[in-house]
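The structure is shown before the comments.

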Amino acid sequence: MGGGRWIEQWEPEDETFWREKGERIARRNLLFSVLSEHIGFSIWSLWSVMVLFMGPQYGVDPAGKFFLIATATFVGALIRIPYTFAVARFGGRNWTVFSALMLLLPTGLAFAVMEPGTSYTTFVLVAALTGVGGGNFASSMTNINAFFPLRKKGWALGLNAGGGNIGVPVVQLIGLLVIGTAGAMHPRIVLGVYLPLIVVAAVCSLFFMDNLAPVKNDTGAAKEAVRARHTWIMAFLYIGCFGSFIGYSFAFGLVLQTQFGRTPLQAASLTFIGPLLGSLIRPIGGSLADRHGGARITLWTFVAMAAATGVVIYASVVESLAVFLVGFIALFALSGLGNGSTFKMIPAIFLAQGHRKGLVGDAAEAYGRRLSGAAMGLIGAVGALGGLGINLAFRQSFQTAGTGTAAFVAFLAFYAACIVVTWAVYLRRPAAVPATAEAVTSSEPRPGYAKV
């Protein structure tokens, strides 16, 4: 252990090291990573709650509200790329402290401006700043990926991401509590709750997390990850999973208000349910992928998401709120399952690519860690852009037709494309299939291959 909580040697694939020392340290870092990422997700999704407080006196129509949450989504997606590389540059602990403290800026500014009479441009700028909370996911996942061995990554990454994702329904529950008790005229109470929580997360990261000295930025790995077709294939699939989760999380309350005429309190009493289920089920998706292969779980998740979207389209056409809620909440749960399974696939895919290059043992594992770490930030950023697409699709659909039906039809077509891509690249059996696809066709990987 070096000064400033730097760990100089880290060998998680060594079972003796892992059993005697590594697991305890990794689990401690995972715990406080989850705390910081959880607060980050709450701030990133802050405007999904703030728009529920914005009554007619604010002078913002539904299209303007969808644009506010789309702005937060967009910035949160783009900032994930530099946040990914910040872990190796500054250390996982150090960057977690800094990124947590950064959340004070958008939260404090929102506290200052959240009142009628504030210009729409100001709201857009403050909503954009909440995107820093979205970046916390990328740095947290990259950091935790380095702490755990491959056989534990599905569980660890699923728990880390799921615990972070729960920040979305938690901030929505706090919004519900405030609206239900103090009324829709007091959004600053929500913001006042989070300001001290941000400080707590930063202090805990400072005292209980570690930096891994062996984790270095690898420009060659980043360039190779950008050139690798599997990076972009997985980014496409992650749009379908995480893009759906974050996009629906941000839009759910507005859809209920705009299409079904729910009041702020009625909308807030329902919006947290879907994100909560999606967050809780994400670690299960990772665990199922550990046992059965991420590609199989991902494929059947997209099939189920397509079916749930069909239910939502039917409910939208017949204007049945009860059926709509069943289908929409199912979409949340399924997107969480897919989030866990797709992120499990990433390190396994690049390990299999290392084997395909003729690498074995430690060399293959090192290659897999290098490429998967570099790819995760890019995949996470592109996936989050799916949330932007969902909110812009809703905005356009409500502007032109007054309902979200057309947007859901577009989402159904996208899920169908995800089904085809997952099957064609990772599950079909022809001889020309890449090593990564061959590896997923059996419940146990063949020698020299990783189970995707």
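The numbered points that follow concern a predicted model.

1. Helix 13 and helix 17. Helix 13 spans residues 229–260 and helix 17 spans residues 321–356; the two pack with their axes 9 Å apart, at an angle of about 160°. Because angles over 145 degrees count as roughly antiparallel, helix 13 is roughly antiparallel to helix 17. Their crossing is left-handed. In the contact of helix 13 with helix 17 there are 22 nonpolar and nine polar residues, and no charged residues.

2. Helix 9 and helix 10. A second pair is formed by helix 9 (residues 150–165) and helix 10 (residues 167–181), whose axes lie 5 Å apart at an angle of about 20°. This angle makes helix 9 roughly parallel to helix 10. Helix 9 contributes G163, G164 and N165 to the contact, while helix 10 contributes G167, V168 and P169. By class, two of the residues in this contact are nonpolar, four are polar and none is charged.

3. The two sides of helix 12. Which residues of helix 12 are buried? Within this helix, which covers residues 219–227, they are A221, A222 and A225. These residues lie on the same side of helix 12, because they cover an arc of only 100° around the axis. In general, an α-helix has 3.6 residues a turn, so residues three or four places apart point the same way. T219, K223 and R227 are exposed on the other side of helix 12. The buried residues of helix 12 pack against helix 4 (80–90), helix 13 and helix 18 (361–401).

4. N391 in helix 18. N391 belongs to helix 18. Is N391 buried or exposed? Its relative accessible area is 0%, so N391 is buried. Leaving aside residues up to four places away in sequence, N391 touches F66, I69, A70, T73, G247, F250 and A251.

5. The backbone at E319. E319 is located in the loop between helix 16 (294–318) and helix 17. Although E319 is not a glycine, it has a positive phi of about 60°. For context, most residues other than glycine have a negative phi. With a relative accessible area of 63%, E319 is exposed. The reader may wish to inspect E319 in the loop between helix 16 and helix 17 when viewing the model.

Terms used. Residues are numbered from 1 along each chain as its sequence is written. This is a predicted model: local features need pLDDT of at least 70, side-chain atom pairs count only at pLDDT 80 or more; totals for chains, interfaces and linings use all residues. Side-chain values use heavy atoms; hydrogens and water are left out. Axes are lines fitted to C-alpha atoms, for helices over the stretch in contact, and angles run from 0 to 180 degrees between N-to-C directions. Helices (H or I, at least four residues) and strands (E, at least two) are DSSP runs, numbered from the N terminus. Angles under 35 degrees count as roughly parallel, over 145 as roughly antiparallel, 65 to 115 as roughly perpendicular and the rest as oblique. A crossing is left-handed if the near helix is turned anticlockwise from the far one by less than a right angle, and right-handed if clockwise. Ala, Val, Leu, Ile, Met, Phe, Trp, Tyr, Cys and Pro count as nonpolar, Asp, Glu, Lys and Arg as charged, and the others, Gly among them, as polar. Buried means under 20% relative accessible area, exposed over 50%, partly exposed in between (1.4 Å probe, protein chains only). The arc is that of the directions from the helix axis to the C-beta atoms. Contact means heavy atoms within 4.5 Å.
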